[in-house]
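Open the model in your viewer and keep the selection tool at hand.

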Amino acid sequence: MLSNWLRFLTGIEIHPGAKIGRRLVIDHGMGVVVGETAVIGDDVLIYHGVTLGGKEFTRTKRHPTIGNNVMIGAESIVLGNITVGDNVMIGAGSVVTKDVAPNSVVIGGRTQI
């Protein structure tokens, strides 16, 4: 009930089962969704409209693991049981469905620089 009330007030939906590290910042949080088995590291910055979602309905881990010091741009979608390494920047509007190596920049579909 608390989760639903907070979603109504903030526009942010974080499943109570998600594991969140220290100093998570959700900037302009309207439309942010964090799934049940998602794991978010320390010092993560998430902009509006980001989804950390699953690709299938199973009882196992099905949401992403986000490393430390990660920035996820507005309207990005990170799907599945994947790992986004430490010190990663995900550009706005990106769709990420595969693991991302540490110290990478992801722009659009799955481009690394």
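In what order do the four strands of the open sheet stand, and is the pairing parallel or antiparallel? Select β2, β5, β8 and β11: they form the open sheet in the order β2-β5-β8-β11, and the pairing is parallel. Strands here are DSSP runs of E with at least two residues, helices are runs of H or I with at least four, and both are numbered from the N terminus. Two strands pair if DSSP finds at least two bridges between them.

Before moving on, note that this is a predicted model, where local features need pLDDT of at least 70, side-chain atom pairs count only at pLDDT 80 or more, and totals for chains, interfaces and linings use all residues. Residues are numbered from 1 along each chain as its sequence is written, and side-chain values use heavy atoms, with hydrogens and water left out.

**Stop 1**

Strands of a sheet pair through backbone hydrogen bonds, either parallel or antiparallel.

Zoom in on β2 and β5. Two bridges join these parallel strands. Select Lys-19: its bridge partner in β5 is Val-39.

Now pick Ile-20, which is also found in β2. Ile-20 counts as partly exposed because its relative accessibility is 36%. The cut-offs are these: buried means under 20% relative accessible area, exposed means over 50%, and partly exposed lies in between (1.4 Å probe, protein chains only). Leave aside its neighbours within four places in sequence, and Ile-20 is in contact with Ile-14 and Ile-40. Contact means heavy atoms within 4.5 Å. Then draw a line from Ile-20 to Val-95: they are 75 residues apart in sequence and 21 Å apart in space, C-alpha to C-alpha.

**Stop 2: the salt bridges**

How many salt bridges are there? The count comes to three. The rule asks for a side-chain nitrogen of Lys or Arg within 4 Å of a carboxyl oxygen of Asp or Glu. Side chains of opposite charge can pair when their charged atoms come close.

Select Arg-22 and Asp-42. Their closest N and O atoms are 3.6 Å apart in a salt bridge. This pair links distant parts of the chain: Arg-22 is in the loop between β2 (19-20) and β3 (25-26), while Asp-42 is in the loop between β5 (39-40) and β6 (45-46), 20 residues apart. Arg-22 is exposed, at 52% relative accessible area.

Next, select Asp-43 and Arg-23. Their side chains meet in a salt bridge at 2.5 Å, N to O. Again distant parts of the chain are linked, with Asp-43 in the loop between β5 and β6 and Arg-23 in the loop between β2 and β3, 20 residues apart. Asp-43 is partly exposed at 34%. Arg-23 is partly exposed at 47%.

Finish with Arg-62 and Glu-36. In this salt bridge the closest N and O atoms are 3.4 Å apart. Arg-62 sits in the loop between β7 (51-53) and β8 (65-66), and Glu-36 in the loop between β4 (33-34) and β5, 26 residues apart. Is Arg-62 buried or exposed? Arg-62 counts as buried, because its relative accessibility is 12%. Glu-36 is partly exposed at 33%.

**Stop 3: two backbone angles**

Most residues other than glycine have a negative phi. Select His-28 in the loop between β3 and β4. Its phi is positive, near 50 degrees. His-28 counts as exposed, at 60% relative accessibility.

Now select Asn-69, in the loop between β8 and β9 (71-72). Asn-69 is not a glycine, yet has a positive phi of about 60 degrees. Asn-69 is partly exposed, at 45%.

**Stop 4: the helix**

Select Trp-5 in helix α1 (residues 2-10). Trp-5 is partly exposed, at 49% relative accessibility.

**Last stop: the whole chain**

Zoom out. Along its principal axes the C-alpha trace spans about 40 × 30 × 25 Å. Buried residues make up 35% of the 113 residues.
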